[in-house]
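Good morning, colleagues. I would ask you to look at the sequence and the structure together while I take you through a few selected places.

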Amino acid sequence: MGMGNQTWVREFILLGLSSDWDMQVFLFVLFLITYMVTVLGNLLIVLLIRLDSRLRTPMYFFLTNLSLVDISYATSIIPQMLANFLAAHKAIPFVSCAAQLFFSLGLGGIEFVLLAVMAYDRYVAVCEPLRYSVIMHGGLCTRLAITSWVSGSTNSFIQTAITFQLPMCTSKYIDHISCELLAVVRLACVDISTNEIAIMVSSIVLLMTPFCLVLLSYVQIISTILKIRSTEGRKKAFHTCASHLTVVVLCYGMAIFTYIQPRSSPSVLQEKLISLFYAVLTPMLNPMIYSVRNKEVKGAWQKLLGQFSGITSKLAN
């Protein structure tokens, strides 16, 4: 379909990471294993929280949401990437590309807001411990979780709509691992200043605003921790936040570097590596971080493994 000198494409070609066949086979195996570990690790976290009554608290309610977001985000990108590694024609239909952008961008936005919500939860736990159960009641937790999902999805719908109404006549080749926002916008053969402004605004609303709320929460948390006189008390308060703080640094750091300045963006290779880090490694690392650095989760794992060993021993006898 034409519109003057502008043409609408029916499919895009994802150039991916490499054109070398041996390298693509290696990457297929590597990312297949990574994807399986990501899905399994996050599902185990969700299952553990459901099975252990000690983990039915606001913090682990939000962690369940985070694990579901991580599984969904990885699924929105990695299966398509795996298929392309083994395909001679690495095409993705126009509609599928739009769907991939919508889900990946939406789930990324949900995660940013959710991390800010989790920071608020940690702020209440450390700074208002006696009122924690009163403030973080079930109704508030549900509303905060819904806000995260709705805000991320709404932003993604708007960004996807204004991106895919652009005529993509410059090229149908996307030099990226997926239908990533900046990579798709650059294909347009019309002025994209409006889209760049929209990306900047959404970066401020869904990236920098939650990030600032996280910073404010941790300023208050650190201030409160420093006022605790006992060393043991300070260590306990710090360990309460350590896992979440580690995840915050990983998630926000990469996203800010990628999106906050679309005009002065990094090289294509850097963008691909950053996207891989965020889409592949971060979802895989999150359950590990919360398992290794969290005494309650480690205790729940030990209890579950102990019960499993006991059942196995009875069956063997």
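Leaving aside residues up to four places away in sequence, K272 touches G16, L17, D175 and H176. Please bear in mind that this is a predicted model. K272 itself is found in helix α9, which covers residues 268–292.

Is this lysine buried or exposed? Its relative accessibility is 8%, and because buried means under 20%, K272 counts as buried.

I turn now to a pair of helices. Helix α5 comprises residues 138–164 and helix α7 residues 193–227; their axes come within 11 Å and cross at roughly 175°. The two are therefore roughly antiparallel. Which residues form their contact? On the α5 side these are S151, G152, N155, Q159, I162 and T163, and they meet N195, A198, I199, S202 and L206 of α7. Sorted by class, this contact has 7 polar residues, 4 nonpolar ones and no charged ones.

Finally, the annotation. An unreviewed UniProt entry places the feature "transmembrane region" at residues 25–48, 60–78, 98–120, 197–219, 240–261 and 273–292. I have two of these spans to describe in the model. Residues 25–48 are 100% helix and 0% strand, with the end C-alpha atoms 34 Å apart. Residues 98–120 are likewise 100% helix and 0% strand, and there the end C-alpha atoms lie 33 Å apart.

Thank you for your attention.

Technical notes. Residues numbered from 1 in each chain as written. Predicted model: local features only at pLDDT ≥ 70, side-chain atom pairs only at ≥ 80, totals over all residues. Heavy atoms only, no water. Helix = DSSP H or I, 4+ residues; strand = E, 2+ residues; numbered from the N terminus. Buried < 20%, exposed > 50% of the residue type's maximum accessible area, 1.4 Å probe, protein only. Contact = heavy atoms within 4.5 Å. Axes fitted to C-alpha atoms, helices over the stretch in contact; angles between N-to-C directions. Parallel < 35°, antiparallel > 145°, perpendicular 65-115°, else oblique. Nonpolar A, V, L, I, M, F, W, Y, C, P; charged D, E, K, R; others polar. UniProt positions renumbered as here; feature names shortened; annotations may be inferred.
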